[in-house]
Amino acid sequence: MCSGCVHHPIIVQTPAPTVIQASTPAPAEAAPSPAQPPVIVVNQPPPAPLQDSMSPQPSSQDVWIKGYWAWRDNQQQWVPGHWEVPPHPGATWIPARWEQRGSDYVFIDGYWQ
């Protein structure tokens, strides 16, 4: 996140989602792993993306991360775009997205690869 930036989320009220816990059975001899984050499943698509205003690039190392809709506090919230320095050279940002699965939409958070 950029220092000194103030991000004000835009919130859209929608019906409550179905929230399920992602789980993968682990072999009995495997060491315990950290808890999986919940998987957010909603029954309607997110609103259309908003147009972000791109601030000046803080450094030549910073990469622009586009804004996206995320499910937070039981509602759609716009997460504004921002500049971020990759965690290591050659890292690629995989954007957050909503995937349609049947009649539902599943949120996949963005991450560095």
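## Salt-bridge network

Arg 97, Glu 99 and Arg 101 are joined by salt bridges into a network. The model is a predicted one, and the structure contains 2 salt bridges. In one of them, the side chains of Arg 101 and Glu 99 meet with an N to O distance of 2.9 Å. Arg 97 also pairs with Glu 99 in a salt bridge, where the closest N and O atoms lie 3.2 Å apart. Side chains of opposite charge can pair when their charged atoms come close.

## Accessibility of the charged residues

Glu 99 has a relative accessibility of 26% and is classed as partly exposed. Arg 97 is partly exposed as well, at a relative accessible area of 32%. For Arg 101 the relative accessible area is 46%, which again counts as partly exposed.

## Nonpolar core

The largest nonpolar core comprises 12 residues. Two or more core residues come from each of β3 (38–42), β5 (68–72), β6 (75–79) and β10 (104–108). Strand β5 supplies the largest share, with 4 residues. In soluble globular proteins, nonpolar side chains tend to be buried together.

## Contacts of Tyr 68

Which residues does Tyr 68 contact when its neighbours within four places in sequence are left aside? They are Gln 77, Trp 78, Val 79, Ala 96, Phe 107 and Asp 109.

Terms used: Residues numbered from 1 in each chain as written. Predicted model: local features only at pLDDT ≥ 70, side-chain atom pairs only at ≥ 80, totals over all residues. Heavy atoms only, no water. Salt bridge = Lys/Arg side-chain N within 4 Å of Asp/Glu carboxyl O. Buried < 20%, exposed > 50% of the residue type's maximum accessible area, 1.4 Å probe, protein only. Core = buried A, V, L, I, M, F, W, Y, C linked by side-chain atoms within 4.5 Å. Contact = heavy atoms within 4.5 Å.
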